[in-house]
Amino acid sequence: MRDPILRIEDLHIEFRTSRGVIHALQGVTFDVMPGEIFGVVGETGCGKTITGLSVLRLLPRSARITQGNIRFEGVDLLKISQREMRSIRGGKISIIFQDPSTSMNPLFTIGFQMNKVIREHLKFSREKARERALTMLAATGLPDVERIYDSYPHQLSGGMLQRAMIALALSCEHSLLIADEPTTALDVTIQSQILQLMRELQQKLGVAMILITHNLGVVANMCDRLVVLYAGRVVEIGESRSIFENPQHPYTRGLMSAIPAPGSRGNRLSAIPGNVPIDPGALKGCVFAPRCAFVMPRCLKESPVMFHLSKDHASTCFLAERGDLF
Amino acid sequence: MNNRWSIICIMMIFALILSACGGVKTTPQVSQETVSVEQSIEEEAANPTPAPADTPIPEGPRVLKVAATANITTWDPVKSFSTEALYMGNFYEGLIRINPPSASERFTPLLAEKWDVSEDGLVWTFYLREGVKFHDGELLTAEAVKKSIEAAKDHGGASFIWLPLGSIDVVDDLTVKFNLTYAAPLDLIAASLYGAWIVSPKALDAAAQDDQYFEAGIEAGTGPYMLESYEPDKEVLMTRFDDYWGGWDDVKHFDKVLITITPEAVQQQQMLESGEVDLALSIPLENMEQFKNKPGVTFYEEPSLYNYVGFFNTLRKPLDDPKVRKALSYAIPYNDIIKIGGQGYGIQSRGPVPAGVWPYSEEVPQYTYDLTKAKELLAEAGYPDGGFELTLTYAAENQAEERLAPLIKDSFAEIGVTVNIEAIQFNQQWEKAKADPANAQDIFLLLYWPTYSDAGTDNLYSMFHSSEVPFFNLSYWKDEEFDKKIDEAAALTVTDPKKSQQLYTEAMTRLVDQAPGFFLYDVTAVFTFPDYIKGYQYNMNYPFTTFFYPMYTE
Amino acid sequence: MAIKESISNIQSLDTPPQSRRTLVHIAQVILRDPLALLSTIIIIVFFFVAVFAYQLAPFPEQGAGKSNPATAMLDPSPEHPIGTDRLGRDMLSRIIIASRPALVVPIVVVFLAVIIGAPLGAIAGYKGGWLDEVIMRITDLFLAFPFLLLAMSIATALGRGLDKAAIALIVSWWPWYTRLTRSIAASLSQRYFVMAARSIGVRDSVIILRHILPNCISPILVQATIDLGLVILAMGGLAFLGLGTQPPAPDWGLMVSDGRTFIFKQWWLSTYPGLAIFIVVLAFNLLGDTLRDVFDPRQYR
Amino acid sequence: MLMNLQKAEYILRRLLTSVFVLLGLTVITFFIARVVPSNAAALYIGPKARPEDIERVTKLLGLDKPLPVQYLVYMRDVLKGDWGTSISSKRPVLQEIASRFPATFELLCTAMIIAVATGIVVGVISAQWQGKWLDILVRAASIVGVSVPAFWLGLLLQILFFRNLNILPLSGRVDSDLRFTHPIMVTTGIYLIDAIIHQNWVALKDVCLHMILPALTLAAYPASLIARMTRATMLEVQSQDYIRTARAYGLKESFIVYILALKNAISPTLTVIGLTLAYALTGSFFVEIVFNWPGLGMFTVRSLLNLDYPAIMGITLFGAIGYVLINLLVDIVQTWIDPRISLS
């Protein structure tokens, strides 16, 4: 078996706010293999974005990693210096954010921003960096790349911008791409095009990709493996096919029954009554228990641990332990 | 949260620094150094001017630097009737100049070497100095004198002073004869600071063509200094006139005089103390004390032409009743007013004529501060507890009036009279008083001075002689007896001064008794001069000018 | 001239007014934050001093203007902690009595400016269209003047006096509130509760009174707090120039101006009245900052 | 190409609105000058007016005509450069303003340069050190700066630097001795520049020394406001997604802060700079009084004292026009910084 390109182990993250400490991640663990597409799924506030940001050590000031480690290509990212981290950011790992219209600096041209990144990491000359940027823009299927290169973000549509973002994200021979809800902010018609493009490029360039989304439909089409997060904890992890065919956690099941029509922008999983608890750390027992349709007295007392159903499928539910959920 | 506490601490430090700026006398420090620094600060405060002797006169021209409030309202010597007299007095000269009361001679001959007057006081002949040059190269002639005086009589700012003048005859090149329509002290008039300058005929001709001719900063006098340059509201630079008839040889006069126009007295004091100027012509009265015993500085206290007068509006109830006016005159705290308003530099007036000026008389009575008497008189007049309101206006720009007006208000309050104070610009105040006397103010405070040194035809006449349209008679008082006496007295001024004085004294006594106004105090002029400037002579007759020619350094 | 950044932070005030809860919240924030607490205490002391000025001043009559020649220009002493002025009036009493106009005038000015400005802004923002255009263009014209310059020329046109200076300040101040209220009203008019009210035929005047204006209260309150300080500064400035309070009435700005004659010897005559202005303005600025933080949603992101 | 067209169009549009604003301004000054006072003619020629003068001026100003006509007359005079005659100096108001403007301009510019430089630098540093003692110091100083009355601060500085330390001159623009030892040749009227042009180093030093206290006094408020604004926008900008993107792509922190973020932060700061200029203009009145600075402010205050009405209205109009132009300039500069602006 190959070594994973990224291994996250028992990651705990806290937020300090004026209302006290909030436990955003509690013991998240997963591996990402080279060249695969790995999905991170969950509702808003489940900690999936935090997970993505923690890999790049871009957490907000108020957040703190209290436990766990993040290994990228065997290096513990939490232990290296700022300088080393900087060369990994954008050099080895790149990221695509949710809203392309805010993730590009509005006061600089697309070209300026790409050029700067390429020169920073590939040590290219200005001219060569420009060529590279144009090549990458063209690779994302953008027309008239010279004009786009000299455009400001506000002059492009959301879809075009996201393509430019993808071009940026893949321009420096990265080995891992984190895509945080890359299509959520886009028009329905564009969404599938962008996903298609990402998949094509990912395969062509052979990079590993973490796809963070709330949309199980997207995951089903794209991912090799996935992890379902709920309230900062892993509730189910495994091969996508296995999970889709045989979800082992009531939450996953709820999510699946709520899969919106492909491309819809719906945010709320209305099929599951109730809301994600604000600070799950304060709860005793299973975090999903208050919303769970199959809740048992035990669920309120003790926390379930990870139960492996197979080599590639595990879930944190007492039902999964008994194997009699479905 | 900790941040917030730190901000408080830091702000307190700021506050401390800010307030410490004020030279707060902090508790004695241990360090020897600190103490000595503090001492030096204290010394400085006590003696803020650097020792004048240290101020080196810079190489090059000898420059006298002066701070003065005087603005230029016009450069036209004929029209001039305001603060520009400071400059006019050095650019232009009249026929003669009146000396201070202490001098042995009454007049100093300037452009006229001598003069005489006919027995009846109607014909005055002036014999001009020979070879006097105007700044524009013209020569002084009788014709020039005639032209200047005629212009002044015709459209001068102070044309009224020439009222007695009938005609002017040019006898010869250097002799000029003034024919009067009635006997009047023409020598005093000719020595006036306003409307009596002798101007180059060439310039007068030009001015006749173009009204604004002088305003570009042109002067054409015979005086010791010429206008080199000026910036409005900023400075006037004078330079000496090499061909001045008085010559420049015997002493080290100043080659140039730079006058920085500084409207604020505080600012002038600061400039003087920082060595920026040699002379400051108006320093806040409150701060004059500091200069009294200062080494290297001479402190002058001199009589002046100024006095402070208040007018009751005699057209309005209850001030139409002399008893009420007398009562109020008793309720004025004269001593406090001199102490606070004049900062001690003044003496209580005897009527409207300031001490030292014709026809001042020691026999004219004064009111005292006597609230009991005031109450009695009010009761007699039918106002046992006062109970009426009066509006008092004063010139907002006058610091002394600002200081003394509240004293009157507070004192009147003691006898049940309410005073509402209105501080407005002098001009506004004056206009308001003249526009509609019956509805004007009740009390009008005025700083007065005679245009030329005859307070009979000026102070007494202007302020209290009845007239149809009010000018300066702002009590709107009409009293035939007073009118008759001063008219008669004026006509006798030249021919029978003794009789004239007697009539004036009687008139003033009646005036004080009827109290259409109240007479606060005669201003004592106070100023300081550094000892290194010599030759200065104070002349109370020219309150708005300082003659720079006699000054010199060694 | 004011710190108008707060304007941009309003949009997220979504819910209809919750005045009681807001008040409690403000109180909590103030109690938690030493800076806010300090400024609140200063302001309370200021109010207290102004209200009980005549009881607190050692020489209330002198404070109000009565001269006392016997004690002119005394240095600080136990009896006159910061000396006396040239009319013999106790400076401490003058400063204390002067706190009254310093309190009343800014409140009146800001209140009237709000009364004039806010409804106009609410109408403009709610109605939109040509009415909005007209009101806002007029507002722009007033805002195109440097504030104090406009106030100065109006005060001159009206004549000297505290009342005239106050009118001048109101005339040049209201447009700020119009602009502030308009921006809120414009966003509110797109909100569901406003649209709902409109769709069921509630009259515009009722919507503006019931729904728009109450929702503008918090940001206006924040702005008004800061403006109280600014008006004190502006009044002081006008008085310093001789356009505000007329003697013998006491006024901090006027006292600074009067004391200038003596700054090198009796420095306290102008220093302390200035300090009074400074501290009160500082307190209002600090409190305004705190209030803005309370209403600033960014803090809880 | 397209960009430039948009920009040009925007600037043109902005110019046009400025013209309208200026027209509107004159309506307001017209109202203050002619309609608000009960007797405008009397105010116009001053208190010494005789009835026949008032009548003459009433005719001259068209005060006997209907308001719209009066306004046209007023506009005609303003456009002709006839802004009335100062009552106290008898000179045309515009000429009076022009002769004093350089001194004020010099003071204003120096103060604003100090304010902008320190404000931005201090604001950026403060944002970078958010929560640290430096930040706290800056925040405390800036809130003090916006609360302190200029006329009082000026007095305190005089007491400190002249009376107590005696290291800086008390007031004025230059030492009066200078005029005889090293006279400044006036080319621009701005002494700092004149002294440099004519290489008059003695004068330059003197001018600088005289400039320090007034400029600092005047700069206190704008500097504080700019620092506060810069700090706030820098913090705001740095929480933006695009800054996170820049970090996520491993750009250097210094580049992110001083190039990327600062450019984003400068635009709102520029608006504040425009606003503070209005403050600085009126603030200069107080500063000029306190420091005896012979500029527009002294003229204004003297005119206020003398009720020199034409002069006051002239200054108001002048200040308002200047302010409109400054804001126009700020907006145009912003189009270079922020390409989005020309679209709005």
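Colleague: What covers the buried residues of α5(A)?

Modeller: The cover includes α4 (110–122), α6 (145–149) and α7 (158–169) of chain A. Helices are DSSP runs of H or I, at least four residues, and strands are runs of E, at least two, numbered from the N terminus. This is a predicted model, where local features need pLDDT of at least 70, side-chain atom pairs count only at pLDDT 80 or more, and totals for chains, interfaces and linings use all residues. Residues are numbered from 1 along each chain as its sequence is written, while chains are lettered from A and ligands numbered from 1 in the order in which they are written.

Colleague: Which residues of α5(A) are buried?

Modeller: First the cut-offs. Buried takes 20 or more other C-beta atoms within 10 Å of a residue's own, exposed 12 or fewer, partly exposed in between, with C-beta atoms placed from the backbone. In α5(A), A129(A), A133(A), M136(A) and L137(A) are buried. Their directions from the axis to the C-beta atoms fall within an arc of 100°, so these residues line one face of the helix. E127(A), E131(A) and T135(A) are exposed on the other side.

Colleague: Why do residues a few places apart point the same way?

Modeller: An α-helix has 3.6 residues a turn, so those three or four places apart point the same way.

Colleague: What span should α5(A) have?

Modeller: The expected span is 1.5 Å times one less than the number of residues. For the 14 residues of α5 (126–139) of chain A that gives 20 Å, and the end C-alpha atoms are 20 Å apart, which agrees. G141(A), with a positive phi near 85°, follows α5(A).

Colleague: Now sheets. What is the strand order in chain B?

Modeller: Strands of a sheet pair through backbone hydrogen bonds, either parallel or antiparallel. Here pairing takes at least two DSSP bridges between two strands. The open sheet of 6 strands runs β13-β17-β12-β16-β14-β15 in chain B, with mixed pairing. Its edge strands, β13 (346–348) and β15 (418–424) of chain B, each pair on one side only. From one strand to the next, the twist averages 25°; axes are lines fitted to C-alpha atoms, for helices over the stretch in contact, and angles run from 0 to 180 degrees between N-to-C directions.

Colleague: In which sense do β12 and β16 of chain B pair?

Modeller: Antiparallel, over 6 bridges. N307(B) stands opposite Y448(B) in β16(B).

Colleague: How many residues of chain C are in contact with chain B?

Modeller: Contact is C-beta atoms, placed from the backbone, within 7 Å. On that count, 23 residues of chain C meet 23 residues of chain B. On the chain C side, α2 (34–51) and α12 (268–295) each supply at least two residues.

Notes: Contact = placed C-beta atoms within 7 Å.
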